[in-house]
Amino acid sequence: MSAPLPPTRSAGLFRRKALSDLLANPPADEDLHGSHPGEHGLARHLTVRDLTSLGIAAVIGAGIFSTIGNASYDGGPAVSLLFVFTAIACAFSALCYAQFAATIPVSGSAYTYAYASFGELAAWIIGWALIMEYAVGNIVVAISWSDYFTGLLSGVGIELPLWLTMGTQSAYKGYHAVLELMQAGKPLADAAPDQLEAYKAWAAAPELFGGLRFVVDLPAFLITVLITSLVYVGIKESKNASNLLVLLKLAVVFVVIVVGVFYIKPANWSPFAPNGIGGVLKGVSAVFFAYIGFDAISTTAEECKNPQRDLPRAMIYALVICTVLYVIITLVLTGMVNYKELAVGDPLAYVFNKVGVEWLGGIVAVSAIFAMASVLLVFQIGQPRIWMTMSRDGLLPPVFARVHPKFRTPSFSTIVTGLFVGVPALLLNMDLVIDLTSIGTLFAFALVCGGILVIDPRGQSNARFKVPYINGRYLVPLILLAGAALVMVYNRENIDDFVRKVSFADGYEGFRHQIPMLVFLLASLLIAAISFRKQLSLLPVLGLLTNLYLMTQLGISNWVLFGGWLIIGLAIYFNYGIKHSKLNRAVPA
């Protein structure tokens, strides 16, 4: 940065870390035993190819092999455009991440960047949100991996007991849904297939006490243990495994596209957006969930051979490659079968079995197992490094910063990460955690974009990579006005519904669901005014606005759960972090 932020250590909750403090974190390859008991440096093994591979490993996974199905069911073929829109939003964020990575090449991702721009409290909040993002994201992937794995076993004649293949929450919910149908005198045929499966699992499971049954997703737990063990052993071993898995799944995706093109029926693309804009946007959480992986690249900064050069390149390369693949895959899927048939857990395998290409459906099912394992791998690499960096700053106990003397990985943090993912994967439902992951990621992305506006509002940094500066004084208000005009013309029905609910026509229950949108509208006006006054850089502003908008589409219930998670985090910070913060201890008496 041309003008590094001052350390501002006397500013209490908003004390910021100076660039010199950030770069003074224990560097890679340096043995710190003695001055920092239990700490050693991380080993530098990652090149731009490895980093790009890690990004693709994280992004091309559950999105293509699982959640893309439900998104297509809600929005129809037009979901391909949602992937483009979401990729553009991610591109703004990726540019900001890239500038931060080139400026502050240390572990910690958005947590570290927030510490430099917004201060300690914001850094803690974003670090706590990132912990949820990575943990909850991997819970989703582990559950999806389990679905594919048990399906593959079933295909070769190995049937695991149903009560060992699904989470307690899913089985309980499905069991009672079927019971309600039966009590209403309706036939079992009215129940969804997943509900019937859950009913059978709950009914056949061993009874524990008080009617509770022993129903757990054992494969999801075991794959988490296996991946966590690999991450514990070393970054070199992890990156080699990641590179191999990425080559495999890219080959499969390429075959899927080439073969699938011959089974496309253009009639399936009409209507292109059967449920309108609302239906397309309903898939925001599922679509955005597919993109959160490139954030994980920045957590490995201290293990890169040349982080200031390679991190920015890898982020952009991974984003472009993955977006092109997602758009093509969505068009192929919705062209092969009607979008109404895609609300399944394994959409790629389903469409090929549907058109009679069972051999490819089998290959997809096998490759999905490896593809989603690579996503687990990248996220399990990312989260321990967040724990480690927060511990280095004193905000978490010192044990989280412990680096294994032989493997040079964050040993204790890696074990904790495995437990954070493995135990909930045994029990929880996938739908809830997808939205929670998306809201945590969007929050991180928004803060990173805002952070660039704090440290380099006019693109004057001398960082090796920086966001191209475009004066937003007039463009930001004009873009917001143009967006409002388009919404009025093409989405008038939802506008009228919004106005009606905001005016309490449906009471408080209707109003509360519009609170996120009201906050976004007020924030947009404020950001437009500041952009006009301060001549802010356009691209970070657009990144901030798009991420805030996408957050409004995730529903008030997710905001409440996210708020509850933040409250827990704040309680930990004010009872431990603020007292042990190294910046706090550095304040002179």
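In this predicted model, helix 16 gives the most to the lining of the second largest cavity, contributing 3 residues. Helix 13 (294-297) joins helix 16 (358-392) as an element that supplies two or more residues to this lining. The residues that line the second largest cavity are Leu54, Ala296, Ile297, Thr299, Thr300, Val378, Ile381 and Gly382. By type, the lining holds 5 nonpolar residues, 3 polar residues and no charged ones. The space inside the second largest cavity is about 30 Å³. A search of the whole structure returns 2 cavities of 30 Å³ or more.

The second largest pocket holds about 340 Å³ of space. It is lined by 15 residues, and those closest to its centre are Phe118, Ala446, Leu447, Gly450 and Leu544. Helix 18 (430-455), helix 22 (515-534), helix 23 (538-552) and helix 24 (556-580) are the elements that each give two or more residues to this lining. Helix 18 gives the most, with 6 residues. The pocket lining divides into 14 nonpolar residues, 1 polar residue and no charged residue.

The overall architecture is helical. The protein has 25 helices and 0 strands. Its chain has 589 residues, of which 54% count as buried. Among contacts with a separation of 6 or more, 81% are between residues 24 or more positions apart. The accessible surface of the protein is about 23500 Å². Carbon and sulfur atoms account for 67% of that surface.

Side chains of opposite charge can pair when their charged atoms come close. The structure holds 4 salt bridges. One of them joins the side chains of Arg213 and Glu207, with an N to O distance of 4.0 Å. Arg213 counts as buried because its relative accessibility is 19%, under the 20% limit for that class. Glu207 counts as exposed because its relative accessibility is 53%, over the 50% limit.

Arg309 is at 32% relative accessibility and so counts as partly exposed.

Another salt bridge is formed by Lys354 and Glu341, whose closest N and O atoms are 3.3 Å apart. Lys354 is partly exposed, because its relative accessible area is 47%. Glu341 is also partly exposed, because its relative accessible area is 27%.

A cis peptide bond joins Ser270 and Pro271, with omega at about 0°. Pro271 sits in the loop between helix 10 (235-260) and helix 11 (276-281). Arg408 is not a glycine, yet it has a positive phi of about 55°. Its place is the loop between helix 16 and helix 17 (411-427). Gln535 is likewise not a glycine and has a positive phi of about 55°. This residue lies in the loop between helix 22 and helix 23. Gln535 counts as partly exposed because its relative accessibility is 23%.

Asn584 belongs to helix 25 (residues 582-586). At 29% relative accessibility, this residue is classed as partly exposed. Neighbours within four places in sequence aside, Asn584 is in contact with Arg15, Ile578 and Lys579. Asn584 and Asp393 are 191 residues apart in sequence, and their C-alpha atoms are 9.9 Å apart in space.

Conventions: Residues are numbered from 1 along each chain as its sequence is written. This is a predicted model: local features need pLDDT of at least 70, side-chain atom pairs count only at pLDDT 80 or more; totals for chains, interfaces and linings use all residues. Side-chain values use heavy atoms; hydrogens and water are left out. On a 1 Å grid over the protein atoms alone, a cavity is a set of points where a 1.4 Å probe fits but cannot get out, and a pocket is an open set with protein on both sides within 12 Å along at least five of seven lines; lining residues have an atom within 4 Å of a point. Grid points are joined across faces, edges and corners, and a volume is the space filled by probe spheres set on the points. Helices (H or I, at least four residues) and strands (E, at least two) are DSSP runs, numbered from the N terminus. Ala, Val, Leu, Ile, Met, Phe, Trp, Tyr, Cys and Pro count as nonpolar, Asp, Glu, Lys and Arg as charged, and the others, Gly among them, as polar. Buried means under 20% relative accessible area, exposed over 50%, partly exposed in between (1.4 Å probe, protein chains only). Contact means heavy atoms within 4.5 Å. Accessible areas come from the Shrake-Rupley method with a 1.4 Å probe; for residues, only the protein chains shown count as cover.
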